[in-house]
Amino acid sequence: MQLLAQVSSETDLYVAQNIFFAVIAGTMIYAAFRVVTTANVVHAALWLVVVLAGVAVQFLFLGAEFVAVTQVLVYIGAVIVLFLFGVMLTRASMGDDETVAGEKRAMAAIVGVLLFAVMAVALVDSFEDTRVDIDGPQGVVEVSDAIFSQYIVPFEAVSVLLLAALIGAIVVARKD
Amino acid sequence: MLALLAQEVDFVRPAIDWHAVAPELTLLAFGALVTVMDIVWLERGRRLTSSVASIALLVTMIPIVTLALDGEDRVMFGGAFVVDNYALVMKAMFLVAGYVVVLLSTNYVAEGDYWESEYYGLLLSSILGMVLMASARDLITVFVALELLSIPAYMLATWRKRDLKSNEAGLKYYLMGVFASAIMLYGMSLLYGGAGSTLLADINEAVSVDGSPSAIVVVGVIFVIIGFAFKVSAFPFHTWAPDTYEGAPTPVTAFLSVASKAAGFVALLNLLFVGFFGRDDVYEPLIWILAAASMTVGNLVALRQTNLVRMLAYSGVAQAGYMLAPLAVASDVGDAALTATVTYLLVYAAMNLGAFAIVLAVARKTRSAEIDSFKGLFGYAPGLTIAMSVFLFSLAGIPPLGGWWAKFRVMEAVIEAESASGVVLGVFVAVNSVIALYYYARIGLGMWAEDAPNGDTTPIRVPASLVSALAITAALTIAFGVYPPLVSEFDVTLLAGGLGG
Amino acid sequence: MLLNQFLLLSAVLFCLGVYGVLARKNGMLVLMSVELILNAVNINLVAFGAFRADVGGSVFALFTIAVAAAEVGIGLAIVLLMYRNRRSIDLTQADLLKG
């Protein structure tokens, strides 16, 4: 994937990348749409996998290798498994989850569409056709140097957070 | 492998000012101690955890005092972590509030057999997040501190595991909380995009310049403020608060309504005054609407509550409105707005914790938080009645109690702006104070003048920890009002230190 | 490549996530919608990081991923507790508290 980023910085046309991007982005949007509309909880979790994998590919496009790998490991490896465990342990109907009232859906859809309209106008207004030059991948070295110097305080705080979440989750979830 | 390692010798060890991070490290060490004690000494250790937790909070005050005596502003990581007077005042407030919450929890948690050591461990880690938040001047640090203080709180709200109401309280709080932080994060990502740096000071520099990518900054600021509106339970993002407050264990409710709300405000103040102070065209109208709507709706709904905890939740929504009000004129009055909000936060912490202490004490006998169960309280618990009256009148803003002084500072700030919007907001504050007086006074009247339900007048036995909590909060509530320099003294140092990295 | 193609993709995911949170009533499905929003945030952060040639975006994205994992973990714990006591994770049935 290093290759991918290098090629994109050397050529001006980016035809291959743009086609590839369009395919991935289209798949992601369709999958995300299914995540929020499908009536089946297990299907929703599986569609979410497609979105998350697509996000990892986007990170590779942007030259962020380490984030892409973490995305695959943590999201697809851990978060989705947690979701599936949740579905199984709560014996949520493996079949269809009865649908919500149409009125609430229509409201939510209006909010979503309006929000997108605002976002799209704001983004186009701000960046028009600004190009993003990816001069090679952002290495693990730069990321780790930043984490262990500039961002050492939040890094330590996250470790406390994970421990607290672990202890709390055990207490809350265990039978007693 | 070795060659690769050798190649990277240019890593520069960050310069760490250990004195500046001493409060966080002390809390962290005690939090670890609380967790380990339970594992090593089992039952014997568990009985000590509440004492260790309260000692932890008192010991953490020591580095805060030494830092305050030192008086020097400490800046680390290029401005990402700042210890100035503002940060120290807020840290001290979180520690004192945390100490009072531990006092409130001691009997409640021990008698209910609610996983004591884990309870205090989570409480300490949440307070650690708040203490860190006071110093955070960087998007990533603000975000991580916010999650560190919220995630333990989600679980503490469900702590009465067999109670369906507590489960529901936790689930609602959790879902609203993660949604709000996701919205806030999206806003933060846009601000980062507008500036190309996570440092709040850099963001302010970038977004204040004309010609910077303006539209996304506007959207980013709006999303960030909406995210924090959830945290501080401002209308219309307050819907979780009454349900969560009612269902959660009462000491946790006190913690959420005071410390968690204050932490949301501290984060908002950091972002607003350091991160995008120059964009007053965006945040002022938005905060104006949030403030006016929160106080009006909060007070009107509080009028018809029959449960005291729910009433305090809605009154908390209204109080959030008062605290937001000075920020709606922040660009005109600058530091005066900051001072007014900080003063209100300090006073609110004292009086609201006190009110919850009374709810806990009375519920020990009546097992209820319904307003009717407070009737005739004077007949069998005169001490509690007098203390409750102090807290209620302070919340209503009657002189010479602390709440009056806090409201006065808010009014002063919005009038000082000398703009139509400021004056209108001042009218909102005044009218709402009158509405609020009605429902606070109704409880007071019931306590003093009416008869106890069922004629049950057996006295309440209040445990020593609750008495100390009441003494601390009542003393602070009265002291803030009778001797305002106690808070204005902070103000002066605050102004001298100022915000900013 | 254009910066906006990434940002618009992220905006679509964000809006779908917001729709999901508002329209869904199953706790697990709401949580999945929140994950969509968080992923939209991460695409934004990494894209801006590449655009501004700043490493902060990647670092921020890593922190978001770590925190999201913790959030899902405790979310699952709360949902399990709820299910054990009530045999349902339907949010419209969680209505003991109101007023």
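Helices (H or I, at least four residues) and strands (E, at least two) are DSSP runs, numbered from the N terminus. This is a predicted model, in which local features need pLDDT of at least 70 and side-chain atom pairs count only at pLDDT 80 or more, while totals for chains, interfaces and linings use all residues. Residues are numbered from 1 along each chain as its sequence is written, and chains are lettered from A and ligands numbered from 1 in the order in which they are written.

**Figure 1. Chain C and its three helices.** The secondary structure of chain C consists of three helices and zero strands, and its elements run α-α-α from the N terminus on. Of the 99 residues in chain C, 77% are buried; a residue is buried if 20 or more other C-beta atoms, placed from the backbone, lie within 10 Å of its own, exposed if 12 or fewer, and partly exposed in between. Two residues are in contact if their C-beta atoms, placed from the backbone, lie within 7 Å. Among contacts in chain C between residues at least 6 apart in sequence, 44% join residues at least 24 apart.

**Figure 2. The interface of chain C with chain B.** Here 34 residues of chain C are in contact with 37 residues of chain B. On the chain C side, the elements that give two or more residues are α1 (3-23), α2 (27-51) and α3 (56-86). Helix α3(C) gives the most to this side, with 16 residues. By class, this side of chain C has 22 nonpolar, eight polar and four charged residues. In this classification, Ala, Val, Leu, Ile, Met, Phe, Trp, Tyr, Cys and Pro count as nonpolar, Asp, Glu, Lys and Arg as charged, and the others, Gly among them, as polar.

**Figure 3. The interface of chain A with chain C.** In this view, 76 residues of chain A are in contact with 57 residues of chain C. The elements of chain A that give two or more residues to this side are α2 (15-37), α3 (41-61), α4 (65-89), α5 (102-127), α6 (140-147) and α7 (152-173). The side of chain A that touches chain C has 57 nonpolar, 13 polar and six charged residues.

**Figure 4. Chain B as a whole.** Chain B has 20 helices and two strands. Its radius of gyration is 22 Å, close to the 23 Å that the globule rule gives for 501 residues, so chain B is as compact as a globular protein of that length. The radius of gyration is taken over C-alpha atoms, and the globule rule is 2.2 Å times the number of residues to the power 0.38. Of the 501 residues of chain B, 65% count as buried.

Figure 5. The expected span of a helix is 1.5 Å times one less than its number of residues. For the 32 residues of α6(B) (residues 164-195) this gives 46 Å, and the end C-alpha atoms are 46 Å apart, which agrees. In α6(B), 30 of the 32 residues are buried. Just after α6(B), G196(B) takes a positive phi of about 75°. The 17 residues of α12(B) (residues 308-324) should span 24 Å, and the end C-alpha atoms of this helix are 24 Å apart, again in agreement. In α12(B), 17 of the 17 residues are buried.

**Figure 6. The loop between α8 and α9 of chain B.** Most residues other than glycine have a negative phi, and most peptide bonds are trans. S233(B) lies in the loop between α8 and α9 and has a positive phi, near 50°. S233(B) is buried, with 28 other C-beta atoms within 10 Å. P236(B) is found in this loop, and the peptide bond from F235(B) to P236(B) is cis, with omega near 0°. H238(B) is also placed in the loop between α8 (214-231) and α9 (240-247), and counts as buried because it has 25 C-beta neighbours inside 10 Å. Leaving aside its neighbours within four places in sequence, H238(B) is in contact with S233(B) and V317(B).

**Figure 7. Helices α17 and α18 of chain B.** The axes of α17(B) (residues 402-416) and α18(B) (residues 420-449) come within 8 Å and cross at roughly 155°. That crossing makes α17(B) roughly antiparallel to α18(B). Axes are lines fitted to C-alpha atoms, for helices over the stretch in contact, and angles run from 0 to 180 degrees between N-to-C directions; angles under 35 degrees count as roughly parallel, over 145 as roughly antiparallel, 65 to 115 as roughly perpendicular and the rest as oblique. E418(B), in the loop between α17 and α18, is exposed, with 11 other C-beta atoms within 10 Å.
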